Amino acid sequence: MLKIKVVNKGHQPLPQYATTQSAGMDLRANLEAPVTLQPMERRLIPTGLYIALPEGYEAQVRPRSGLALKKGITVLNAPGTVDADYRGEVGVVLINLSQETFVVEDGERIAQMVIARHEQAVFESVEVLDETERGSGGYGHTGVK
């Protein structure tokens, strides 16, 4: 089990997995007062959490499917990335894509966070790439079933 150091400057419980096979942990709004999101409005919502990820890991901040489906609320830069060397507060950029006003309440589950390994790459300049079956086929190239 990967251990991640966290400072909780908020008043919400630490994120935890809902089930033994959950990939993400819910992040909660840490607010002094409710935040109203008008249709098409975006806001940075604080969580009160500060984390220290091990080198080679990132935290991905993703939308909650139920909030997106039922209320039209999603994470604007999904997935948002928290880098291993970032030590600021984890915030969630929410946007209201619905036609209705949405109020974010203190303690509300607003996003999920997935911890993932990653690699860093070094680009190597070449003159020609290897051939593949797909080749340069772009968006929609594989067709619709």
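Predicted model: local features only at pLDDT ≥ 70, side-chain atom pairs only at ≥ 80, totals over all residues.
1. Four strands make up an open sheet, in the order β2-β10-β5-β7, and their pairing is antiparallel. At the edges sit β2 (25-28) and β7 (80-82), each of which pairs on one side only. From one strand to the next, the twist averages 35 degrees. As background, strands of a sheet pair through backbone hydrogen bonds, either parallel or antiparallel.

2. Now look at one pair within that sheet. Strand β5 (residues 57-62) and strand β10 (residues 109-117) run antiparallel and are joined by six bridges.

3. Next, the empty space. Rolling a probe the size of a water molecule over the atoms shows where such space is left. The largest pocket holds about 330 Å³ of space. Its lining has 13 residues, and Leu2, Ile4, Pro15, Met25 and Ile115 lie nearest the centre. What classes do the lining residues of the largest pocket fall into? Twelve are nonpolar, one is charged and none is polar.

4. The second largest pocket contains about 170 Å³ of space. Among the residues lining this pocket are Gln12, Asp26, Leu27, Arg28, Thr47 and Arg109. The lining here divides into six nonpolar, three polar and three charged residues.

5. Which strand gives the most to the lining of the second largest pocket? The answer is β2, with three residues. Both β2 and β4 (42-52) supply at least two residues each to that lining.

Terms used: Residues numbered from 1 in each chain as written. Heavy atoms only, no water. Pairing = 2+ DSSP bridges. Axes fitted to C-alpha atoms, helices over the stretch in contact; angles between N-to-C directions. 1 Å grid on protein atoms, 1.4 Å probe; cavity = no way out; pocket = protein on both sides within 12 Å on 5 of 7 lines; lining within 4 Å. Points joined across faces, edges and corners; volume = space filled by probe spheres on them. Nonpolar A, V, L, I, M, F, W, Y, C, P; charged D, E, K, R; others polar.
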